[in-house]
Amino acid sequence: MKIKVKVNQVDKVFDVQAHEYLLDVLRKNDYVSVRRACDNTSCGVCTILLDDKPVPSCSLLAIKADGHHVTTVEGIQAEAEKIGHYFGQEGADQCGYCNPSMALTVYALKLENPKATDQEIKEYLVGNLCRCTGYVAQHEAIRKYLGDQS
């Protein structure tokens, strides 16, 4: 079946199977920044934005994305560079495997709640696991990004 999705502001038509997950469809169509890890929604590495809300693409059937807007990290390059700058500045960047999903989630937080409190930041990021760093440096980088008005 065909689904129509706007990916990173570009209209796309994907031929999908009823059982296919959005993660697989995106990767099959060269959106390789969307990464696979746990396959059970517990790590957040596969996060994309669906209508500007972070969702785990490993558990979202592709047909559910029909008619919606999907954003991968390629769709927020300028913001991802800002986030990356603050992560680097705080020493919060390690292997980089979770960076695309973390950048998308942090960007969505800024859209939804640009003045998030420390507790709100923690709660918003609860689905994004990083196996390399502690979360203190990430948290500080996120606070600086949220305060960036440029």
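Reader: Before we start, what pLDDT do local features need here?
Author: Residues are numbered from 1 along each chain as its sequence is written, and side-chain values use heavy atoms, with hydrogens and water left out. This is a predicted model in which totals for chains, interfaces and linings use all residues, side-chain atom pairs count only at pLDDT 80 or more, and local features need pLDDT of at least 70.

Reader: Okay, how far does helix 3 reach from its first C-alpha to its last?
Author: Helices here are DSSP runs of H or I with at least four residues, strands are runs of E with at least two, and both are numbered from the N terminus. Helix 3 covers residues 99-112, and it has 14 residues. The expected span is 1.5 Å times one less than the number of residues. That gives an expected 20 Å for helix 3, and the actual reach is close to it, at 20 Å.

Reader: How many of the residues in helix 3 are buried?
Author: Buried means under 20% relative accessible area, exposed means over 50%, and partly exposed is in between, using a 1.4 Å probe and protein chains only. The buried ones include Pro100, Met102, Leu104 and Val106. Helix 3 is mostly covered, and the count is 11 of 14.

Reader: What covers those buried residues of helix 3?
Author: Contact here means heavy atoms within 4.5 Å. Some of the cover comes from strands: strand 3 (47-50), strand 4 (53-56) and strand 5 (69-71) are included. Helices are included too, namely helix 2 (77-90), helix 4 (118-124) and helix 5.

Reader: Is Thr105 buried or exposed?
Author: Thr105 is found in helix 3. Leaving out residues up to four places away in sequence, it touches Thr47, Pro54, Tyr124, Leu125 and Asn128. Its relative accessible area is 1%, so Thr105 is buried.

Reader: How are helix 2 and helix 3 oriented to each other?
Author: Axes are lines fitted to C-alpha atoms, for helices over the stretch in contact, and angles run from 0 to 180 degrees between N-to-C directions. Under 35 degrees counts as roughly parallel, over 145 as roughly antiparallel, 65 to 115 as roughly perpendicular, and the rest as oblique. Helix 2 and helix 3 pack at about 105 degrees, with axes 10 Å apart. The two are therefore roughly perpendicular.

Reader: And which residues of helix 3 make the contact with helix 5?
Author: The axes of helix 3 and helix 5 (residues 135-147) come within 10 Å and cross at roughly 45 degrees, and the two helices are therefore oblique to each other. On the helix 5 side, the contact is made by Gln138, Ile142, Tyr145 and Leu146. On the helix 3 side, the residues are Met102, Val106, Tyr107, Leu109 and Lys110.

Reader: How many charged residues are in the contact of helix 2 with helix 5?
Author: Helix 2 and helix 5 pack at about 135 degrees, with their axes 8 Å apart. In helix 2, the residues that meet helix 5 include Glu79, Lys82 and Glu90, while Glu140 and Lys144 are among those in helix 5. Ala, Val, Leu, Ile, Met, Phe, Trp, Tyr, Cys and Pro count as nonpolar, Asp, Glu, Lys and Arg as charged, and the others, Gly among them, as polar. By class, this contact has seven nonpolar and two polar residues, and the charged ones number five.

Reader: Which helices cover the buried residues of helix 5?
Author: Helix 5 has 13 residues. The buried ones are Ala137, Gln138, His139, Ala141, Ile142, Tyr145 and Leu146. Their cover includes helix 2, helix 3 and helix 4.

Reader: What separates the C-alpha atoms of Lys53 and Thr105?
Author: Lys53 lies in strand 4, and counts as partly exposed at 42% relative accessibility. Leaving aside neighbours within four places in sequence, Lys53 is in contact with Ile48 and Glu112. Lys53 and Thr105 are 52 residues apart along the chain, and their C-alpha atoms are separated by 8.0 Å.

Reader: How far apart are the C-alpha atoms of Thr71 and Gln89?
Author: Thr71 is in strand 5 and counts as buried at 11% relative accessibility. Beyond residues up to four places away in sequence, Thr71 touches Asn8, Ile48, Leu49, Asp52, Ile76 and Leu104. Gln89 is 18 residues from Thr71 along the chain, and the C-alpha separation is 26 Å.
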